[in-house]
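Hi everyone, thanks for making time this morning. I'd like to walk you through the aromatic side chains and the nonpolar packing in one structure. Here it is on the screen.

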Amino acid sequence: MLRDFSKEEFDIIIQAGQSNAEGCGLGDAEKPYATNSKIWYLDNDFSISKAQERISGNFIVGDFSLSFASKYRKDGNLEDGRKILIIRAAIGGTGFLDNHWKPTDDLYLRMMEMIKTALELNPKNKLVAFLWHQGETDATFNSDYQTYFNNLTTLVNNVRVAFKSNNLPFIAGDFVQHWKMENIKICEPVVSAMKEVCLTIGNAEFVETNELLSNDQKIGNKDNIHFCRESLYQLGLKYYDAYKRIASLK
């Protein structure tokens with residue numbers, strides 16, 4: 001039997017960007033995510049399912065929104081009777097310069113439609129956070145500082161204005177240091193622009209990732225651009241700490 005989600009009240013978390021937001025982290029995690037009835041996904045095919053980690057071959061694949069949502073719930077942000085809906089809008093290998101996240105692009109338009117769909121399920125649904133991890137693709141396309149700054153600022157402002165959520169907390173994060181340090185020249189303009197966006201748009205914060213390991217550093221699979229599974233859990237907690245600081249200032 002299909003579930004009627006119009007009877008549910010959701011706190012909505014937007015998770016968008018590319019592969020580290022989509023989740024490519026392999027290996028063990030100290031506190032693996034336990035599926036529960038309070039945290040749900042709106043997937044990019046517009047289906048709603050109970051939030052859970054994915055299986056890829058012999059590995060369990062992490063997702064930083066799960067540790068974020070779990071801490072959000074544990075800290076008492078979720079009012080009685082409400083649940084969390086995570087909008088899973090991220091797609092690996094996508095950027096602004098390859099025409100996926102600008103206002104007329106496919107993933108931008110789909111993300112906006114996903115947000116609209118989530119809010120229209122129930123008039124009591126509300127946006128609570130916008131979690132963004134992206135930029136590696138734009139770095140490989142040699143994006144300059146101003147171009148990335150303008151594109152990201154436009155994206156965040158458009159979401160806030162379109163959904164009448166001018167104070168929506170926005171959190172972005174640095175790249176995997178293992179990959180960034182090997183590609184520092186192309187990464188610096190994008191990362192610097194992200195930091196400046198978070199400083200200028202209000203109700204935003206940039207998360208550092210200095211101690212977080214890549215898949216290669218954790219399991220030796222030559223993948224140095226993606227956070228490992230444990231690092232994704234830690235990243236989600238870092239994003240939540242940033243959210244908490246923003247929320248306290250609102």
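Let's start with a quick one: are Phe64 and Tyr239 buried or exposed? Phe64 is buried, and Tyr239 is too. Do keep in mind that what you see is a predicted model.

Searching the whole structure turns up 14 aromatic pairs. Phe64 and Tyr239 make one of them: the ring centres are 4.8 Å apart and the planes sit at 45 degrees, so this pair is tilted. Phe64 belongs to helix α2, residues 64-74, and Tyr239 to helix α9, residues 229-249, so the pair ties together parts 175 residues apart in sequence.

Now have a look at Phe96 and Tyr148, an edge-to-face pair with 5.4 Å from centre to centre and 80 degrees between the planes. Phe96 sits in the loop between β6 and α3, while Tyr148 is in helix α5, and the two are 52 residues apart. Both Phe96 and Tyr148 are buried.

On to the packing. The largest nonpolar core has 45 residues, and Trp101, Phe130, Trp132 and Phe170 are among those with the most contacts inside it. There is also a second, separate core of 32 residues, including Leu78, Ile86, Ala129 and Tyr240. What does Trp101 contact beyond its neighbours within four places in sequence? Its partners include Ala16, Phe96, Met111, Trp132 and Leu155.

One last stop: Arg88 lies over the face of Tyr41, 4.9 Å from the ring centre. Thanks, all!

Conventions
Residues numbered from 1 in each chain as written. Predicted model: local features only at pLDDT ≥ 70, side-chain atom pairs only at ≥ 80, totals over all residues. Heavy atoms only, no water. Core = buried A, V, L, I, M, F, W, Y, C linked by side-chain atoms within 4.5 Å. Buried < 20%, exposed > 50% of the residue type's maximum accessible area, 1.4 Å probe, protein only. Contact = heavy atoms within 4.5 Å. Phe/Tyr/Trp six-rings, centres within 6.5 Å; stacked < 30°, edge-to-face > 60°. Helix = DSSP H or I, 4+ residues; strand = E, 2+ residues; numbered from the N terminus. Lys NZ or Arg CZ within 6 Å of the ring centre and 35° of its normal.
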